[in-house]
Amino acid sequence: MSKNLKIGLFGFGVVGQGLLDIIQSQNLNLEIIKIAIKDPRKKRTLNKDLFTTDRNEILNNTEINTIVELINDADAAYEIVTTALKNGKNVVSANKKMIATHLKELVDLQQKHGTSLLYEGAVCGSIPIIRNLEEYYDNELFHALSGIFNGSSNYILSKIFNDGQSYDSALKEAQDLGFAETDPILDVGGYDPKYKLAIATAHAYGLFVNPDVILNIGIQNLSNNDIKYAREKNFKIKLVPTARKVNTKDIVTYVLPKLVAKDDFLYNVENEYNAVAVQAAFADKQFFYGKGAGGHPTGAAVLSDIAALRYDYRYEYKKYHSENGVKHTAEILLEVYLRYADEDLITLLEFDNISERYAASSYKYVVGTVKLESLIKNRDLLLDQSVFVAYTGRQIYKQEQLSENVFASELASL
Ligand SMILES: NC(=O)C1=CN([C@@H]2O[C@H](COP(=O)(O)OP(=O)(O)OC[C@H]3O[C@@H](n4cnc5c(N)ncnc54)[C@H](OP(=O)(O)O)[C@@H]3O)[C@@H](O)[C@H]2O)C=CC1
Ligand SMILES: N[C@@H](CC=O)C(=O)O
């Protein structure tokens, strides 16, 4: 029998409103009892009696059995979600930063209190990737995932590459359309896709990676020279998170701008659309595509989670509980395009090999292979405005990795 859901909603912004629009357009067996917001002076589209600024009015209300958390404050979201789970309430959340940062604790809390936390809307908006990773793919056979996990930065890059728009005006549009985070450096700096990557990695491999150890380089330093370089070689630039097994136990993760060629799955993913390309042993490549930001697409994913709670659905984290011995590594060589100003950076990064070099007074770049560990070690220098890094898509394997047949086939993929 399906449960009658009595909902306490936190947040009535882009996603909260989007969810309400969808709920109001359908005849669903659920009821929103109360909505918590932050600013009591804001004009609302619903009766003011439905709103509160006191979170305990919802968290301590015994009639409410389901919390839907859609606020833009990760610390407050953590307090709300953990209290709700401890109080025996099931939770749906779209807060990727909060979930990625506290995932292990949130899994333990669900187990301890017999409650369920679902978060499909937190990763790639409307694309049902978490339930697919959780239910469909076996760990041994899952090789890699990558894609476009951030609608705002993809919107900006699309406007730049397709319409010749400026970075600043495209960012402003992404903000006006409700795609961007409150602080847009989370989007353009690659933090938001990093949180999403950490969550996806947990469901793909059973590996919980602290987002702080994942390298994220964003598009905030993109210059006209970088755009010209990419255009001349018929590439587009996309911001691409990747998680990949480099042998049977080691998993590498990173978020980097990528030079994307016409035959890449991601080349035609534009605007706020997201995509996830998956590589598994026998299924080979698969591709998920859909809107990754915006009130209605994200609201649709949130509603799908709410509906799943009616039937007591919960993530079982089977790969994590199987203790499969997978671990995180940064021991990998990547080929990158690097624009720079200071020659010392080239020395510090200890390039393994440089295949292309250009130096004029106002524009210098190299293309070469570098250890991911070196990029991580020098991350602060890579964030300087004079620097832009983009992955070319070539990953160089060590001889022992190549000798494991099953992974050698991945050389030219994802
Ligand atoms: N926008 C998008 O496309 C997507 C967003 N997300 C995630 O969904 C969440 C919500 O995003 P979005 O709707 O865009 O954000 P908005 O900024 O549009 O709305 C945030 C809402 O949270 C409320 N709020 C903030 N702090 C508190 C608090 N302490 N207690 C109660 N309410 C609070 C605000 O109240 P008030 O109205 O009073 O200001 C507002 O209603 C974020 O975690 C975001 O990362 C996920 C996928 C896509
Ligand atoms: N700011 C995010 C919103 C959805 O997660 C994005 O742009 O993708």
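**Exercise 1. Which domains does the domain assignment of the chain give?**

Before we start: this is a predicted model, where local features need pLDDT of at least 70, side-chain atom pairs count only at pLDDT 80 or more, and totals for chains, interfaces and linings use all residues. Residues are numbered from 1 along each chain as its sequence is written, while chains are lettered from A and ligands numbered from 1 in the order in which they are written.

Step 1. The assignment gives domain 1 (5-118) and domain 2 (129-295 + 325-408); such bounds come from an automatic or database domain assignment.

Step 2. Between the C-alpha centres of domain 1 and domain 2 there are 32 Å.

Step 3. Domain 1 puts 12 residues into the contact, and domain 2 puts in 11 residues. Contact here is a C-beta criterion: two residues qualify if those atoms, placed from the backbone, lie within 7 Å.

Step 4. On the side of domain 1 that touches domain 2, helix 1 (14-25) and helix 4 (96-113) are the elements that give two or more residues. Helix 4 supplies the largest share, 7 residues. Helices (H or I, at least four residues) and strands (E, at least two) are DSSP runs, numbered from the N terminus.

Step 5. Sorted by class, that side of domain 1 has 5 nonpolar, 4 polar and 3 charged residues. The classes: Ala, Val, Leu, Ile, Met, Phe, Trp, Tyr, Cys and Pro are nonpolar, Asp, Glu, Lys and Arg are charged, and the others, Gly among them, are polar.

**Exercise 2. Work out how far to trust the model.**

Step 1. The chain has a mean pLDDT of 94, with 95% of its residues at 70 or more; pLDDT is the predictor's confidence in each residue, from 0 to 100.

Step 2. For the complex, the predictor gives an ipTM of 0.99 and a pTM of 0.96.

**Exercise 3. Describe the shells around the two ligands.**

Step 1. Ligand 1 has 30 residues around it, of which Gly11, Gly13, Val15, Asp39 and Ala293 come nearest. A residue is near a molecule or strand if its C-beta atom, placed from the backbone, lies within 6 Å of it.

Step 2. Who contributes? Helix 1 gives the most to the ligand 1 shell, with 3 residues, and each of domain 1 and domain 2 provides at least three.

Step 3. By class, the ligand 1 shell splits into 13 nonpolar, 11 polar and 6 charged residues.

Step 4. Around ligand 2 you'll find, among others, Gly125, Asn150, Gly151, Ser152, Asp187 and Ala293. The ligand 2 shell has 3 nonpolar, 5 polar and 3 charged residues.

**Exercise 4. Is Gly11 buried or exposed?**

Step 1. Locate Gly11: the loop between strand 1 (5-10) and helix 1.

Step 2. Apply the cut-offs: a residue is buried if 20 or more other C-beta atoms lie within 10 Å of its own, exposed if 12 or fewer, and partly exposed in between, with C-beta atoms placed from the backbone. Gly11 counts as buried because it has 25 C-beta neighbours inside 10 Å.

Step 3. Leaving out residues up to four places away in sequence, Gly11 touches Gly16, Glu69, Leu70 and Ile71.
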